[in-house]
Amino acid sequence: MTAIERQSGAVVLDPEEARRVRAARLERIGKWLLPLVIMIVAIWLWDRICVWNEIPRYILPRPGEVIATLYNDAALLFGSLLVTLRITFLGLALAVAGGVGLAVLFAQSKWVEMSFFPFAVILQVTPIVAIFPLINIYVDNQTAKLLLCAWIVAFFPILSNTTLGLNSVDRNLIDLFKLNGATKWQQLWHLRLPAAMPYFLGGLKIAGGLSLIGAVVAEFVAGSTGQSSGLASRIIEAGYRLNAPRLFAALILISFTGIVIFLVLSLVSHLALRRWHESALRQER
Amino acid sequence: MQHEVRAQTGESPGGVTGRGGEKPLLILRDVGKTFSNGVAALRNVDLTIRDGDFLSLLGPSGCGKSTALRIIAGLSTPTTGLLDWRGDARGRSDIGFVFQEPTLLPWASVFDNVWLPLRLRGFSREKATPAIREMIERVHLTGFENAMPRELSGGMKMRVSIARGLVTKPRLLLMDEPFAALDEITRFRLNSDLLDLWQDERFTVVFVTHSVFESVFLSNRIVVMAARPGRVFSEIAVDAPYPRDEVFRTSPDYAALCRQASRVLGDAITQGGGVHDGH
């Protein structure tokens, strides 16, 4: 940006170039400003609709009330958020370990992949809500139940992406490793794993969101209540009590958590790939 | 200075060609390769690669020159015949390979890319550093050690690839149309730099190309191959002395040699499908 400005100060630009510089500057501002403005307008409209139609607070609370609840019930809500976060991150960590581990196993032999990949697909396409009653019967520990759910939902994108990455290595590079007498482990460590990195990180971004969904859904169907329960339980509870402001507050916390997870994983991905991968290159140029 | 030039077709009498050595390094005896789909990529290839040769495999596409290179590298096993390694050369571990594409690790710096062959042989970064630095200097990339491949031009990437191929000090460097994708100016410069390296380090080169001009400029022996089935059609000895430079590239001798090689290549293409009276 500064380079362009300095240039436009020193160099005489033709109308087309000047227009392009102006358009680029507008786009940069608009990218942040537009969503913000729309968001503010939407919240204002929400508030107005509540007032104009005299909607009672147990059906649709005004935004101000939601924020007040977020503040007043902070201890309760953030305690629950921590519980949900714990399940989400443990689930994600297990999904990474399981997904990458299985992918590496698959990469060792086509036969292993052919034999076991269908099971992974079955596990993925069967809705978690439908499997949960079974998990409920077989697993006693509440945390273990929730973790298992989050794991089942989140591990597949990591597994399938990492498998794809491990297998999409330049044939010539594999030949080069063979020529230099590389062992299977050297090939995995120095060639296949780094080559799979962009694919894995793509899977991780999806899995981060899914793991949160898995944690929340699991808690919903598990129907746990009490002091140590997560945000989903707060939502169910608030629903029973017609405490709409708290319901909205919990909902906002979940959305916000999802956004933060996505942003963090995007940042991780960018930092890991920025030096070499096409996806992380700046678009200017 | 007037170059003495002698070009000939047919079997080389051996050991009278430019700088090429006398001692055989590798002898291909009756090597043939038939793929599972029935295509005969190579048939009855007899070829002696002498220590110190700069040997070009020249031919139309489909003549099996890349297959021959892969067989020499041990990346592919011959259907018939055998490879006879002579002297103290020991197959795979004594070979450097340069592909048509630079084929670098995109996530690794120039330094780490050149390190790779040594790393796979168990050399730590510290132990390998002198050899890596020297090789990077030899290909004129000093100062770019920490650059990533995507920051380099095509010619520079190919230099890294050559440095990587030579960092283990191999006896035999195999090159599979390494400069085919480069622009002419870059290609000329890399040709000269490769010849410099070859003369200083005294390794043997087998260079696959479809460019008559490149093969004449670089090699002391040109093996012309024909297609369907892939086979050795003829051999041309290029007796112009080394070092060869841009003066040689513009000399009448060079032009005459190119004409000669073009004619043989033309014969190899037109007679490609037919029966060829062997040597």
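Chain B of this predicted model has a mean pLDDT of 86, and 88% of its residues reach 70 or more. Here pLDDT is the predictor's confidence in each residue, from 0 to 100. Within chain B, confidence is lowest in strand β1 (residues 7-8), at a mean of 40, and highest in α2(B), at 96. Two stretches of chain B fall below 50. Over residues 1-18 of chain B the pLDDT is below 50, yet this stretch has 41 contacts in the model beyond near neighbours in sequence. Residues 274-279 of chain B are also below 50, with 5 such contacts. Two residues are in contact if their C-beta atoms, placed from the backbone, lie within 7 Å. Where pLDDT is low, the predicted coordinates should not be read in detail. For the complex, the predictor gives an ipTM of 0.86 and a pTM of 0.83.

Residues are numbered from 1 along each chain as its sequence is written, while chains are lettered from A and ligands numbered from 1 in the order in which they are written. As the model is predicted, local features need pLDDT of at least 70 and side-chain atom pairs count only at pLDDT 80 or more, whereas totals for chains, interfaces and linings use all residues.

The contact between the chains takes 16 residues from chain B and 15 residues from chain A. On the side of chain B, β6 (95-98) and α2 (110-120) each supply at least two residues. Helices (H or I, at least four residues) and strands (E, at least two) are DSSP runs, numbered from the N terminus. The chain B side divides into 10 nonpolar, 2 polar and 4 charged residues. Ala, Val, Leu, Ile, Met, Phe, Trp, Tyr, Cys and Pro count as nonpolar, Asp, Glu, Lys and Arg as charged, and the others, Gly among them, as polar.

Helix α2(B) is mostly covered, with 9 of its 11 residues buried (20 or more other C-beta atoms within 10 Å of the residue's own, C-beta atoms being placed from the backbone). Among them are B:F111, B:W115 and B:L118. The cover includes α8 (171-179) and α9 (184-222) of chain A, together with α3 (125-138) and α4 of chain B. Just after α2(B), B:G122 takes a positive phi of about 95°.

Helices α4 (residues 154-166) and α5 (residues 184-201) of chain B pack at an angle of about 15°, with their axes 11 Å apart. Therefore α4(B) is roughly parallel to α5(B) (angles under 35 degrees). Axes are lines fitted to C-alpha atoms, for helices over the stretch in contact, and angles run from 0 to 180 degrees between N-to-C directions.

Conventions: Parallel < 35°, antiparallel > 145°, perpendicular 65-115°, else oblique. Buried ≥ 20, exposed ≤ 12 C-beta atoms within 10 Å, placed from the backbone.
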